Protein chains: 2
Amino acid sequence: MSQQRTGPTDGPDFPDLPEATVARLPEYLRALHHLAEQGHDTVSSEGLAAAAGVNSAKLRKDLSHLGRTGTRGVGYDVSLLIDQIEQVLGLTHRRAVALVGVGNLGHALAGYAGFGSRGFRIVALFDADPGRVGEHINGLVVRHIEDLPEVVEQESISIAVIATPAHAAQHVTDRLVAAGVTSVLNFAPCVLNVPEGVDVRKVDLAIELQILSFHEHRKSALTALPPVQKPGRVGVANRLGGEAVGS
Amino acid sequence: MSQQRTGPTDGPDFPDLPEATVARLPEYLRALHHLAEQGHDTVSSEGLAAAAGVNSAKLRKDLSHLGRTGTRGVGYDVSLLIDQIEQVLGLTHRRAVALVGVGNLGHALAGYAGFGSRGFRIVALFDADPGRVGEHINGLVVRHIEDLPEVVEQESISIAVIATPAHAAQHVTDRLVAAGVTSVLNFAPCVLNVPEGVDVRKVDLAIELQILSFHEHRKSALTALPPVQKPGRVGVANRLGGEAVGS
């Protein structure tokens, strides 16, 4: 996905951005808000890149897609750039979000302060468990999943967060889509099938740790003493038991 | 990062994998475990690709890095491929993980069942708030952050999860690194600076929603009625107020 463009149908009134750029714009926005809070009016591309943890050439290229490349010797106007990125990301109004599944993780997400301060209002909580329905979390009452269509329409909800067990997530997604939701953030460890026009982002917490585990494993392989290569011997035992692919 | 290789120093006994491949291996693993539970002994590349939500050509290329490309007409041996991916990811033993910050989100992560079933044991919880220290969560007692060096050594912890507020995350990271932790999963909405040899993965929940917001904004821009283009008129008002970059 990372280099896929957002679609050939994009008109001239909407920037045609690579997916990877779209994913970095929120990082720039977060860094810019932080700079604004610290009283900075302008920032260099190097300064912003460092604050966002991104390479500065990549940042300049990303921002050039927005048609703004900063002023040489001055840099970027912080508040202008904030406005511009917020406009592109559609953050000029707070978006209503529904959350489905108020177990351990869903409960925490329902109370996550970072959503409110960064463009989103969780306006509805759902669960399939009658024992959970009626529970108050963070000022909201948990509704039964049966009420989805009614609430999604009432609250103009287009984005939903799924924090159900994996086995329930596809069914919940189908109901969300039928009710008119067109973007889903999926925390359930499974692949969701959605019709065209519906966007899915996924966060699988164990996968993040497994990627780190790879790096741990690699680092320990690299720091292990290399086997002595005797003349006439070729190669080193491949711990994968297959053909290694070199760089 | 997505196309960055894992490093020029990789020896022949460790596969040289593109970052994007490393990130997809856990997805294949999740799909393979699911297939195994359903009683499948073999799977075609198309079947596995569909189960993992990935394009099948990409999957074949990813798995070819492991030196195993399946048997024509038979496909992949499910349990062999599970073993092989688990070996590459370093999941042949359960890794000990520390979690720092047991607020709302940290509390949920401490009880997240998906870690235990997929290769990780959360063995220690830390917080800086004396009011939290001593609390029991999921069979563990919250320790004070001062105890980090001792516990990290005792429990052979190399991976830590940070679920602190953003303002505390860098300080916590510095302490983790000083104690010997070499991989960090960061849930705090900020950039972490770490020395070489330390890997960081980040999950910013609001950023995921902001990316979906972009897609919502784009979809509504695309479905809005296009302005009538009269002969002699050029272009359409650019809602970004800058130069749009075409595709």
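This is a predicted model: local features need pLDDT of at least 70, side-chain atom pairs count only at pLDDT 80 or more; totals for chains, interfaces and linings use all residues.

1. The interface comes next. Between them, chain B and chain A bury about 8400 Å², and 61% of this lies on carbon and sulfur atoms. Contact involves 92 residues of chain B and 92 residues of chain A. Of the interface residues of chain B, 100% are also interface residues in chain A, so the copies meet through the same surface.

2. How many salt bridges are there between chain B and chain A? The count is ten, while a search of the whole structure, over all chains, finds 26. Side chains of opposite charge can pair when their charged atoms come close. Asp204(A) and Arg118(B) meet through their side chains in a salt bridge, at 3.0 Å from N to O. This pair crosses between chains: Asp204(A) sits in the loop between strand S9 (199-202) and helix H9 (205-223) of chain A, and Arg118(B) in the loop between helix H6 (113-116) and strand S4 (120-127) of chain B. In the other pair, Asp199(A) forms a salt bridge with Lys219(B), where the closest N and O atoms are 2.7 Å apart.

3. Turning to helix packing in chain A, helix H2 (residues 45-52) and helix H3 (residues 56-64) pack at an angle of about 105°, their axes being 9 Å apart. Angles of 65 to 115 degrees count as roughly perpendicular, which means that H2(A) is roughly perpendicular to H3(A). On the H2(A) side the residues are Ser45(A), Glu46(A), Leu48(A) and Ala49(A), and these meet Ser56(A), Leu59(A), Arg60(A) and Leu63(A) in H3(A). Sorted by class, the contact of H2(A) with H3(A) has four nonpolar, two polar and two charged residues.

4. How far apart are the axes of helix H1 (residues 19-37) of chain A and H3(A), and at what angle do these helices pack? The axes are 10 Å apart and the angle is about 105°. H1(A) and H3(A) are therefore roughly perpendicular to each other. H1(A) contributes Thr21(A), Arg24(A), Leu25(A) and Tyr28(A) to the contact, and H3(A) contributes Lys58(A), Leu59(A), Asp62(A) and Leu63(A). The contact of H1(A) with H3(A) has four nonpolar, one polar and three charged residues.

5. In chain B, helix H1 (residues 19-37) packs with helix H2 (residues 45-52) at an angle of about 105°, with their axes 8 Å apart. That angle makes H1(B) roughly perpendicular to H2(B). Glu27(B), Tyr28(B), Ala31(B), Leu32(B) and Leu35(B) make the contact from H1(B), and Leu48(B), Ala51(B) and Ala52(B) from H2(B). The residues of this contact of H1(B) with H2(B) divide into seven nonpolar, no polar and one charged.

Note on methods
Residues are numbered from 1 along each chain as its sequence is written. Chains are lettered from A and ligands numbered from 1 in the order in which they are written. Side-chain values use heavy atoms; hydrogens and water are left out. Axes are lines fitted to C-alpha atoms, for helices over the stretch in contact, and angles run from 0 to 180 degrees between N-to-C directions. Helices (H or I, at least four residues) and strands (E, at least two) are DSSP runs, numbered from the N terminus. Angles under 35 degrees count as roughly parallel, over 145 as roughly antiparallel, 65 to 115 as roughly perpendicular and the rest as oblique. Contact means heavy atoms within 4.5 Å. Ala, Val, Leu, Ile, Met, Phe, Trp, Tyr, Cys and Pro count as nonpolar, Asp, Glu, Lys and Arg as charged, and the others, Gly among them, as polar. Buried area is the accessible area (1.4 Å probe) that two parts lose on being put together, summed over both. A salt bridge is a side-chain nitrogen of Lys or Arg within 4 Å of a carboxyl oxygen of Asp or Glu.
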